[in-house]
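These are my notebook entries on a structure that I looked up for the first time.

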Amino acid sequence: MSTNQNTPRPPCSPLSFVKMHGLGNDFVIIDSRGRDAQITPALAKSIGDRNRGVGFDQLAEIRSSDSADVDLDFWNNDGSRAGACGNATRCVARLLMDETLADSITIRTERGLLLAKRTENNEVSVNMGHPILDWAQIPLSHEVDVEHLPLTGDPVAVGMGNPHAVFFVDDITAIDLAVQGSAVEHDPIFPERTNVEFAEIRSRSDIRMRVWERGSGITLACGSGACATLVAASLRGLTDKKVKMEVDGGTLTLDWRNDGVWMTGPTQRVFTASFDTSFLEPIS
Ligand SMILES: N[C@H](CCC[C@H](N)C(=O)O)C(=O)O
């Protein structure tokens, strides 16, 4: 049988995905259990394009695991990898707990083995592990000179499996997130770039935080950034170890316990779809 350009073909590829968000931090989730990893930097960047692709703050690829219920890899929308993503971890946990009707799940990320649980009001809590406070490990320079940054006040460097620079400010409305966040992300003192959090302390149990994410820019929430902000505030003696944190997309609860930093908040499944083959062909 001969074929020509008008031969009908299936419009969708088998590569399906779920779109979810946690407080407006939005994710494309691809399930690659039982097959090879599907995502490359070029594919992540194309899917992440909000005009020509789907758009996401992070892409999460679920993988089969030898040592946890699942493994999970994260990508930013510029095609770079992220070692941790708290809100995507909560979303994937919710997806898989709904699938199996379990109330808890273990997820292995680059950061290590994480435990997530469903809460009584159907939110999801995840233990994001212990912060890394040795700057050499996260990796940042010990000889940080912040004077040349377009900000006053020393940042606190906190690793949550990814790097964060947390700045405390008196008035968060005075921050130009795009200008200052981007400048800090790309400052040469951060050799692997950094996520940047600006935090205004409202009380010992209440923080207002805005975030500029490495590789994704302004987002409405950042789970690992919220954990880093609590750790920084608590270490500076500004807050207790349990706070509520208002981010642009809603409110998270953070609790730094003996076994790690727990983060709790809502998740929302939005839709399931498949990529059109004509979208994937130019990328492969
Ligand atoms: N939104 C994510 C963080 C992504 C961090 C990423 N931008 C990086 O390069 O480290 C969260 O909920 O933790």
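**Entry 1: The ligand shell**

I sorted the residues of the shell around the ligand by class and found four nonpolar, 13 polar and three charged. In this sorting Ala, Val, Leu, Ile, Met, Phe, Trp, Tyr, Cys and Pro count as nonpolar, Asp, Glu, Lys and Arg as charged, and the others, Gly among them, as polar. I note that this is a predicted model, in which local features need pLDDT of at least 70 and side-chain atom pairs count only at pLDDT 80 or more, while totals for chains, interfaces and linings use all residues. Residues are numbered from 1 along each chain as its sequence is written.

The ligand is surrounded by 20 residues, the closest being Ala 82, Asn 87, Asn 162, Gly 223 and Ser 224; a residue is near a molecule if its C-beta atom, placed from the backbone, lies within 6 Å of it. Helices H2 (86-100) and H4 each supply at least two residues of this shell, and H4 gives the most, with three. Helices (H or I, at least four residues) and strands (E, at least two) are DSSP runs, numbered from the N terminus.

**Entry 2: The two domains**

I recorded a division of the chain into domain 1 (12-127 + 267-280) and domain 2 (135-260), with bounds from an automatic or database domain assignment. Their C-alpha centres lie 23 Å apart. In domain 1, 21 residues are in contact with 22 residues of domain 2, contact meaning C-beta atoms, placed from the backbone, within 7 Å. H2 gives the most to the side of domain 1 that touches domain 2, with three residues. The ligand shell draws at least three residues from each domain.

**Entry 3: The core**

Which residues touch the most other members of the largest nonpolar core? I found Ile 29 and Val 92, in a core of 68 residues. Helix H4 (residues 223-235) contributes its largest share, seven residues. Domain 1 and domain 2 both give residues to this core, so it lies between them. Such a core is a set of buried Ala, Val, Leu, Ile, Met, Phe, Trp, Tyr and Cys residues joined through C-beta atoms within 7 Å. Buried means 20 or more other C-beta atoms within 10 Å of the residue's own, C-beta atoms being placed from the backbone.

**Entry 4: A hairpin**

Strands E9 (residues 156-159) and E10 (residues 163-168) pair in the antiparallel sense over four bridges; pairing requires at least two DSSP bridges. Three residues separate them in a hairpin, and Gly 161 in the turn has a positive phi of about 95 degrees.

How values were computed:
Buried ≥ 20, exposed ≤ 12 C-beta atoms within 10 Å, placed from the backbone. Contact = placed C-beta atoms within 7 Å.
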